[in-house]
Amino acid sequence: MVIMDLRIFTEPQQGASYDTLLTVAKATEDLGFDAFFRSDHYAAMGDADGLPGPTDAWITLAGLARETKRIRLGTLVTAATFRLPGPLAIQVAQVDQMSGGRVELGLGSGWFAEEHAAYGIPFPADKFARFEEQLAIITGLWSTKPGDKFDFDGEHYQLTNSPALPKPMQDPVPVLIGGHGATRTPRLAAQYATEFNMPFSSIEDSAAQFGRVRAAAEARGRRADDLIYSNALVACVGADDAEVARRAAAIGREVDELKTNGLAGSPAEVVDKIGRYAEIGAQRIYLQILDLADLDHLELIAEKVQAQL
């Protein structure tokens, strides 16, 4: 049997209200999946109209923290450009408390210029340097002992005499870093991450990037197996070819393309491909679910895919 943890991953900027996300999160919990994650974007991509409009990732997760009991909750990923590091550390710590210690922080540098322009958010050229400082600040605030102060003097952010409060319930909150970069991304993952995620990538590219992260961890004197290695892949599963085609059409994709670039086809086909990701070291897969009204899709995956893992 293949050992793989499956998580549900949504893209609400494409069009979803909080109530829709709540319904999917509750289905995620009821069907036995491990976690509900969402993207952190403010504008739709491609041809989607994005109606009824964007929802804020951490406000959403705060609501879900009180409406769910078991599943873990997180972002894949929060853009470092959206929030200052001190307030973000406070937000995540508070939602972790609200959830009883079920939150995970996926953090990235930010990349979608159009959404920044649409909502008046600065989009600096030195995003990666700011991202690196944010990681240092957020993890530093959380790890500061109660009663001690935290200071940080960076190029982009300065904190003076911070009480470093509140503390999250978890110590530490899992931090997820992901991406395709061959040098800086593995280095930061090795330094700060609990989990490294390779988004929307082939088995071959994932294996190469996992290898870079493992090497970077070992170069820091950290055991490579201390990190969790994961993938994010679009899901389109059907009981037969007609159902797969219907689900592909509903999200505006072609079946052959989905089979090449994601987890698509019959449950048996999907379990087989998951097994090939497991062979290169993936321990967890975030199933990108693009049709949030199709709860039967989640039920099929739970009964015919997850049950075989």
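A: A salt bridge requires a side-chain nitrogen of Lys or Arg within 4 Å of a carboxyl oxygen of Asp or Glu. The model examined here is a predicted one.

Q: What makes the pair Arg 187 and Glu 132 a salt bridge?
A: The closest N and O atoms of Arg 187 and Glu 132 are 2.8 Å apart. The cut-off is 4 Å, so the pair qualifies. Between domain 1 and domain 2 the count is two salt bridges, and 11 residue pairs are in polar contact there, both residues being at pLDDT 80 or more.

Q: Which elements of domain 1 supply the side that touches domain 2?
A: β1 (5-10), α1 (18-30) and α5 (127-143) each contribute at least two residues to that side. By class, the residues of this side of domain 1 comprise 20 nonpolar, five polar and five charged.

Q: What shows that domain 1 and domain 2 are in contact?
A: Contact means heavy atoms within 4.5 Å, and 30 residues of domain 1 are in contact with 33 residues of domain 2. The area buried between the domains is about 2700 Å², with carbon and sulfur atoms giving 71% of it. Met 4, Leu 6 and Phe 128 supply 23% of the area that domain 1 buries against domain 2, more than any other three residues.

Q: Why is the pair Asp 56 and Arg 83 called a salt bridge?
A: The N to O distance between these side chains is 3.0 Å. With a cut-off of 4 Å, the pair therefore meets the criterion. A search of the whole structure finds 19 salt bridges.

Q: What omega values accompany the cis peptide bonds at Leu 76 and Val 77 and at Leu 165 and Pro 166?
A: For the cis bond joining Leu 76 and Val 77, omega is about -10 degrees; for the cis bond joining Leu 165 and Pro 166, omega is about 0 degrees. Val 77 is in the loop between β3 (72-75) and β4, and Pro 166 is in the loop between β7 (158-162) and β8 (175-178). Most peptide bonds are trans.

Q: Why is the phi of Asn 161 worth noting?
A: Most residues other than glycine have a negative phi. Asn 161, a residue other than glycine, has a positive phi near 55 degrees. Asn 161 belongs to strand β7.

Definitions and conventions. Residues are numbered from 1 along each chain as its sequence is written. This is a predicted model: local features need pLDDT of at least 70, side-chain atom pairs count only at pLDDT 80 or more; totals for chains, interfaces and linings use all residues. Side-chain values use heavy atoms; hydrogens and water are left out. Buried area is the accessible area (1.4 Å probe) that two parts lose on being put together, summed over both. A polar contact is a pair of N or O atoms within 3.5 Å; within protein, one must be able to donate a hydrogen and the other to accept it, and residues adjacent in sequence count only if both atoms are side-chain atoms. Helices (H or I, at least four residues) and strands (E, at least two) are DSSP runs, numbered from the N terminus. Ala, Val, Leu, Ile, Met, Phe, Trp, Tyr, Cys and Pro count as nonpolar, Asp, Glu, Lys and Arg as charged, and the others, Gly among them, as polar.
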